[in-house]
Amino acid sequence: MSLLQPEAGLLFWMVLSFGVVFFILAKYAFPVILKMVEERKAYIDNSLKLADETNAQLELLKAEGEKIITKAREEQVTILNDALSLKEQIINEARNEAKAEAAKQLDTVRKQIRKEQADAILEVRSQVAVLAVDIAEKVIRMQLNDKEKHMSMINRLMDEGDKKTMIQ
Amino acid sequence: MTSKRCMLFVQSLLVACLSLLIVVPATAQEESNKEVNVKEIVFDHIFDSYEWHVTEWGGHPVAVPLPVIVKGEKSGWHLFLSSKLHKGHEYQGFYIASEGDYKGKIVEKNDQNVAVRPLDISITKNTFSLLLASFVLVLIMLSVTQFYKKNTFKKAPGGFVGMVEVIILTIYEDVVIKCVGKDYKRYAPYLLTVFFFVLLNNLMGLIPFFPGGANVTGNIAITLVLSICTFIAINVFGTKEYWKEILWPEVPVWMKVPIPMMPVLELVGIFTKPFALTIRLMANIMAGHAAVLGLTSLVFVTVRMGPAINASMTIGSVLFCIFMSFIELLVAFIQAYVFTMLSAVFIGLSRVEPHHKENTIE
């Protein structure tokens, strides 16, 4: 039966065309495509790996950043606290200093007053003494006509004057 | 989903009615001439022809003439169009035999006035379809390759290139790598070429009009060459272990020494493998073509049985044809796949490595 009898012409053309097709495809098409697909696979795998790594790194960086931020916040709090306490301290110090200064000034003023008081008393006393001496002189001038009485009077006054200076 | 199915049904009904309108007058004309010979129609299609018969128009056949290339016994090479041989005309001593052993083939008369076949490498219908498919295949694959060369990793393949890549990878990963084994890289180009060659020829055979529809992969010459290529791939590159298993298999000695029963069986096996490949592909595709043609002929055969039967059979025929075409679409892929897979399996069997040492000690 000719159904199972290959035709010579068709055989010839088949060998020729299949041979040519096979040659072209096996040389220029399939190896290139398969190689490209494999390379692409490797490339994608690589890219995925890289992306994973980058993500992990990013995560790490994020965590680090958060750490830094929390640290900064803590620091901020401590710095604020420090500043607050420092402020209070400065205020206190200033207050104390002012107090001390005021006290000191008060003290000097008091001393001045006291000194001036003393000076005034001294002056008053000396005035009083001068007055007293003047008065006494006048009194004595009237009374002392003899030399003896005069001398004893002077001595006594001298002693009194000595005592007074000694007391002072 | 249901609306889609409904649409499909309505469409097929419409197609059936339309074909009724067209077909009835045509068959009425034919009826007066002769009874429809389904067997002739089917076999005319399954066998090769020198011209590409497209249709009949107003009683005249519309056909694409194809080049005839023959070498007569004495007259040497001749090249002319097949239209010169139309309706039994003789041209340069050649004519198409209408009967005898060479029915339908170009013959010439020798000295004894006996019809003999010249050396005939005409571009027949199958040859033309084969060359066209080869050309298209090379074009497709080279354009796909071009895409990869141009867009190295820059662009994902989409559309047509993506489709071809999916098919290539399906065959490469599921068939070539799994069936061939270790040396898959060496055989991948051959197996992929075979797959796409068979697939494209199968699919082109399903197109019902001019550049398609030839029964290429249903022709034994085509499948024979393909399986001879596989035969070469199996046996030329077979390992030592493969030949040892054929010539000196591990069976009791009496089975191979006085009468080499097992070696003979194994040797026969070498040839049955490609033979099975040849017949399987040819028979499947040819049967598909025959079935579609037979179903289509149903329309013409039932003309004589009255309009009612004819109309109902026409609708049935169209529905069956649609169904068959879908099946054939599937078969086109499956047969290409099976051919490739069996080739890969046979190649894989020829790449056997020596068994473990324990076996040989026993």
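Two residues are in contact if their C-beta atoms, placed from the backbone, lie within 7 Å. The views below show a predicted model.

**Figure 1. Surroundings of B:Ala214 in chain B.** B:Ala214 belongs to the loop that joins helix 5 (184–206) and helix 6 (220–235) of chain B. Leaving aside residues up to four places away in sequence, B:Ala214 touches B:Lys125, B:Asn126, B:Ser129 and B:Gly205. B:Ala214 is buried because 27 other C-beta atoms lie within 10 Å, and the cut-off for a buried residue is 20 or more. The view also includes B:Ser49, which is 165 residues from B:Ala214 in sequence. In space, the C-alpha atoms of B:Ala214 and B:Ser49 are 9.7 Å apart.

**Figure 2. The contact between chain A and chain B.** Chain A contributes 30 residues to this contact, and chain B contributes 35 residues. On the side of chain A that touches chain B, 26 residues are nonpolar, two are polar and two are charged.

**Figure 3. The open sheet 4-3-8 of chain B.** Three strands make up this open sheet of chain B, in the order 4-3-8, and their pairing is antiparallel. Strand 4 (76–81) and strand 8 (119–120) of chain B are the edge strands, each of which pairs on one side only. Two bridges connect strand 3 (residues 67–72) of chain B with strand 8 of chain B, in the antiparallel sense. Opposite B:Lys71 stands B:Leu119, a residue of strand 8 of chain B.

**Figure 4. The loop residue B:Gln92.** The loop between strand 4 and strand 5 (94–96) of chain B contains B:Gln92. The phi of B:Gln92 is near 50°, a positive value in a residue other than glycine. Most residues other than glycine have a negative phi. B:Gln92 has 15 C-beta neighbours inside 10 Å and therefore counts as partly exposed.

**Figure 5. The open sheet 5-6-7 of chain B.** In this open sheet of chain B, three strands are arranged in the order 5-6-7 with antiparallel pairing. Its edges are formed by strand 5 and strand 7 (115–116) of chain B, and each of these pairs on one side only. Strand 5 of chain B and strand 6 (residues 106–109) of chain B run antiparallel and are joined by three bridges. B:Tyr95 has B:Val107, in strand 6 of chain B, as its bridge partner.

How values were computed:
Residues numbered from 1 in each chain as written. Chains lettered and ligands numbered in written order. Predicted model: local features only at pLDDT ≥ 70, side-chain atom pairs only at ≥ 80, totals over all residues. Nonpolar A, V, L, I, M, F, W, Y, C, P; charged D, E, K, R; others polar. Pairing = 2+ DSSP bridges. Helix = DSSP H or I, 4+ residues; strand = E, 2+ residues; numbered from the N terminus. Buried ≥ 20, exposed ≤ 12 C-beta atoms within 10 Å, placed from the backbone.
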